[in-house]
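Hi,

Here is the structure I promised to pass on. Have a look at it first, and then read my notes below.

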Amino acid sequence: MIGSIPVDYVIFKLNEIFNVKDISSVLVTAENLDDARKIHSSRDFDRVPIKKDGNIESFYDSRSDSEIQIKPEYTLSESTGIFETLSYLSKRDFFFILIGNGILRMIHYSDLNNPLVSIGIYTQIAYCEIAVRNFARSKNPNKLDFGEKFLNDLKNSTGVSIKVDRAKGQFQNKMSSQTETDLFDELYFNEELILFREIVKSNLDASERGKLENFINLEDAKIRSLTDMRNEVMHSKPEIIKKRSDIIVWLKFLQDCQNIISIIEGKTVFHQ
């Protein structure tokens with residue numbers, strides 16, 4: 001829980017507010033197979049829905065150059081949430097969207113580069129960062145030094161890469177403007193993950209640390225990779241998903257955030 005809002009509730013609300021209909025595309029339909037082939041040639045659409053008697057029950061697939069009947073597994077409800085959509089599209093390139101009693105829209109995995117998807121991912125990352133900083137504050141015995149001794153002791157005892165001096169400079173700038181903050185708020189994402197890892201590991205024996213590593217990989221190389229992904233979203237990169245396999249990587253990142261919060265909230269423990 002972050003503040004008084006469970007992260008599960010936040011994900012539920014994001015799925016409720018942003019759904020597949022918001023990021024899907026309006027259909028361009030054909031009247032028959034020959035018409036669909038012409039649309040494919042002129043507009044380079046791989047799949048063209050074929051509308052007969054006002055209904056869409058099949059589509060032209062350019063890969064097989066044939067008309068294919070639309071099966072239930074090719075469709076998603078318009079109310080499918082944004083995170084659920086990520087999961088579905090990790091298994092299939094596209095889906096038709098059912099709105100009311102008919103198929104009216106379509107989604108392809110490339111549509112996941114819509115800014116609304118980044119907003120959902122950003123929100124979960126932000127909640128993870130807030131949880132880690134609050135977790136560190138709860139472990140800091142001296143609240144009056146704003147975390148400086150705590151961070152320096154941790155850095156000196158483990159040799160981890162946390163730039164305390166840089167964070168201290170940013171913190172002092174904010175203090176001069178009377179902003180309520182502390183050093184933990186000035187850490188970068190990679191430093192927050194290192195801080196979380198070292199705090200948790202310090203309370204575990206060798207066997208328990210092995211269980212932690214099996215649950216979530218927070219080795220330095222993995223932290224650098226997660227930080228790069230975080231920055232793609234935070235800096236609004238136009239294309240975070242270039243191929244369908246990228247979806248699996250983002251889903252794993254979101255699961256890592258969930259796992260971190262699960263440990264902080266005490267839902268996952270490693271003690272014997």
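Are Tyr74 and Phe94 buried or exposed? Tyr74 is buried, and Phe94 is too (buried is under 20% relative accessible area, exposed over 50%, partly exposed in between, with a 1.4 Å probe and protein chains only).

Before the rest, some housekeeping. This is a predicted model, where local features need pLDDT of at least 70 and side-chain atom pairs count only at pLDDT 80 or more, while totals for chains, interfaces and linings use all residues. Residues are numbered from 1 along each chain as its sequence is written, and side-chain values use heavy atoms, with hydrogens and water left out.

Now the aromatics. There are ten aromatic pairs in the structure (rings of Phe, Tyr and Trp, for Trp the six-membered one, with centres within 6.5 Å; planes under 30 degrees apart are stacked, over 60 edge-to-face, the rest tilted). Phe59 and Phe94 make an edge-to-face pair, because their ring centres are 5.5 Å apart and their planes at 70 degrees. This pair links distant parts of the chain, with Phe59 in strand β3 (residues 55–61) and Phe94 in strand β6 (residues 94–99), 35 residues apart (helices, H or I of at least four residues, and strands, E of at least two, are DSSP runs numbered from the N terminus). Tyr74 and Phe94 form a tilted pair, 6.2 Å centre to centre with 50 degrees between the planes. Tyr74 sits in the loop between β4 (66–69) and β5 (75–77), so its pairing with Phe94 in strand β6 ties together parts 20 residues apart in sequence. Phe59, Tyr74, Phe94 and Phe96 form one aromatic cluster.

Next, the cores. The largest nonpolar core has 59 residues, and among those with the most contacts inside it are Leu112, Ile241 and Trp250 (a core is a set of buried Ala, Val, Leu, Ile, Met, Phe, Trp, Tyr and Cys residues joined through side-chain atoms within 4.5 Å). Helix α5 (residues 115–139) gives the most to this core, with nine residues. Apart from it lies another core of nine residues, including Ile56, Phe59, Tyr74 and Met106.

Finally, there's an open sheet of three strands in the order β2-β3-β4, paired antiparallel (strands pair if DSSP finds at least two bridges between them). β2 (47–52) and β4 are at the edges with a single partner strand each, so one side of each has no neighbour in the sheet. β3 and β4 pair over four bridges, and Asp61 has Ser66 in β4 as its bridge partner.

Cheers
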